[in-house]
2 protein chains.
Amino acid sequence: MNTEVAIGVDLGGTSIKTGLVSSTGTILYQNKYPAFAEKGRSDVLNQIEASIRDAARHAGNGSIRGIGIGSPGVVDENGVVKAPPNFADFDNIPLQDEIRRIFNLPTKVENDANAAAIAESKFGAGKSFPDFLFVIWGTGVGGGIILNRNIYRGPWGGAGEIGHISIDYKGPQCNCGSIGCVEAHIGQKYLSQRTAERLQNRPDSMILKLIGGNLEKLEPVYISQAAQKGDELAREILVEAGTLLGVALGAVMNTMDLRVSIIGGGVAAAGDFVMDAIKKSVQQHVLKPLRPDIQVIPAKLGNNAGILGAAGLVL
Amino acid sequence: MNTEVAIGVDLGGTSIKTGLVSSTGTILYQNKYPAFAEKGRSDVLNQIEASIRDAARHAGNGSIRGIGIGSPGVVDENGVVKAPPNFADFDNIPLQDEIRRIFNLPTKVENDANAAAIAESKFGAGKSFPDFLFVIWGTGVGGGIILNRNIYRGPWGGAGEIGHISIDYKGPQCNCGSIGCVEAHIGQKYLSQRTAERLQNRPDSMILKLIGGNLEKLEPVYISQAAQKGDELAREILVEAGTLLGVALGAVMNTMDLRVSIIGGGVAAAGDFVMDAIKKSVQQHVLKPLRPDIQVIPAKLGNNAGILGAAGLVL
């Protein structure tokens, strides 16, 4: 190898996935290390370092242009990581400076949803859109905003928290303490709960077969799978959820004058009918001049978005 | 006079207000012309030209740095005005180029809510805040977003339409065709309707006295006046409305990571208790890290914001 590559680190609460990425967005090599998130700062940092060293060894003669890291939590403009959920003793970590010092390479740390948004912008579904909202719909609902092919971080670095837009001021309480957040309607926990309730009157649903009749095992992935196979209840639930997501996306489009949403995360992979439901709802919830141009499209990079986006920070 | 001044034009559906503004934001002279909005393009343009000529005559020896115009409707980055409401035969007007050609001076045209936001940023309540959301709460609910002391226009020039954020996906239909918009809860028409309903059970309210018992005359300004004088029903209604506004502002704060809202428009002048109600609601509807820094403050420039903001475009 003699081309330029970058190292992309996808830091998660469970594992660290690190890859060697070409300038065109091909992952040439990747590894996976446990994150040791419950053990605190120095253990996590050691694991990150080890995963980068491993990836760097596979660069061969390739010249490493830099290291990008996508991290949960708020990341400020200097790459300081603030209180990511599920990490013990890991607040105000100057991750960017520490990694730069260790490897003496250009290093950039960014919030993970933002990194995934960058990945879709540079290498994925967002390549032809200079401006879009990237949505991760999974356990929760997160987002990253791309303006003129760059991430919009906001004055304090925390922009894109679209999961906590209230779509019903009289609605359910959210984990975050607010009322009616879209995440409190369509996040994993709430979606599973609603499905469990509905299954009581729909014993014929394929979802029940997929979880062996055990409601404890109910997870959105099974709703997705059942929907892909044509299960009616599963499709109903995802269409309803997509419609609710569209209300929040409409708020973002109206506020920032965006037109395009790119949807990532497990649930969104269920099929085109979900995208159609979201799109119809966004169109209903934006001003008329925006409606003809509204687009809602699925993300392209799936689980690799983290590594690719992190590498994209320095490519 | 020998200092630099700018001409600011506040184009409205009824009248054109044009002023001569010093670089420190003092209005040295102002006039008011009928807009002739119903007569179409050439009549409106003639009136704008006449108002500018009149203002220019009052500049004396002052050197005119340029002409700024705040216009209703969407204004693109080249100062082309698109379909402002209440104007006949006035779509896709290259207002910026036409005025520049006539007067041979630097000219800038901007949406009127954006111009008012710029005014508050340069000369008013926003002077000490590099980033804030400006809200006009009057007939409708509009907004302008200031980032790093500049207007955020969005990729298509229509950003800041915060009145059409849905705060209740099961809520009332809005004029715009969407469901549950905050404007459909607290805009002038809806606020008056709700007040009329409530007055049936509250014959003691001062609002009734202010409108001489004639519900046809009910307008938010009377609710405001009654509230200022301590009327309980009026305060209740405005606290409720402010609380609903806060839900939409929370969506904007979460999305763009802003902390400060500056509230202009007639209703907002009712008193501090409205600001407090909005603030409490915003705090409830944003993520925890944002809460301590949330500020909701009244605009400072009132009716002069239009002229000042327009002049601010070229100052």
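Helix H8 of chain B comprises 25 residues and spans 36 Å from its first C-alpha to its last, close to the 36 Å expected at 1.5 Å a residue; the expected span is 1.5 Å times one less than the number of residues. Helices are DSSP runs of H or I of at least four residues, numbered from the N terminus. The model is predicted: local features require pLDDT of at least 70 and side-chain atom pairs count only at pLDDT 80 or more, whereas totals for chains, interfaces and linings use all residues. Residues are numbered from 1 along each chain as its sequence is written, and chains are lettered from A and ligands numbered from 1 in the order in which they are written.

Of the 25 residues of H8(B), 21 are buried, so the helix is largely enclosed by the rest of the structure; a buried residue has 20 or more other C-beta atoms within 10 Å of its own, with C-beta atoms placed from the backbone. Asp257(B) follows H8(B) and has a positive phi, near 60°.

Within chain B, the axes of H5 (residues 188-199) and H8 (residues 232-256) come within 11 Å and cross at roughly 140°. Axes are lines fitted to C-alpha atoms, for helices over the stretch in contact, and angles run from 0 to 180 degrees between N-to-C directions. H5(B) and H8(B) are therefore oblique to each other, a term for angles that are not under 35 degrees (roughly parallel), over 145 (roughly antiparallel) or 65 to 115 (roughly perpendicular). On the H5(B) side, Leu191(B), Arg194(B), Thr195(B) and Arg198(B) meet Leu233(B), Ile237(B) and Ala241(B) of H8(B), contact being defined by C-beta atoms, placed from the backbone, that lie within 7 Å. This contact of H5(B) with H8(B) has four nonpolar, one polar and two charged residues; Ala, Val, Leu, Ile, Met, Phe, Trp, Tyr, Cys and Pro count as nonpolar, Asp, Glu, Lys and Arg as charged, and the others, Gly among them, as polar.

In chain A, H8 (residues 232-256) packs against H9 (residues 272-284) at an angle of about 40°, with the axes 7 Å apart. H8(A) and H9(A) are therefore oblique to each other. By class, their contact has eleven nonpolar, five polar and two charged residues.

Between the chains, 38 residues of chain B are in contact with 38 residues of chain A. H8(B) gives the most to the side of chain B that touches chain A, with eight residues. That side of chain B has 19 nonpolar, 13 polar and six charged residues.

Note on methods: Helix = DSSP H or I, 4+ residues; strand = E, 2+ residues; numbered from the N terminus. Contact = placed C-beta atoms within 7 Å. Buried ≥ 20, exposed ≤ 12 C-beta atoms within 10 Å, placed from the backbone.
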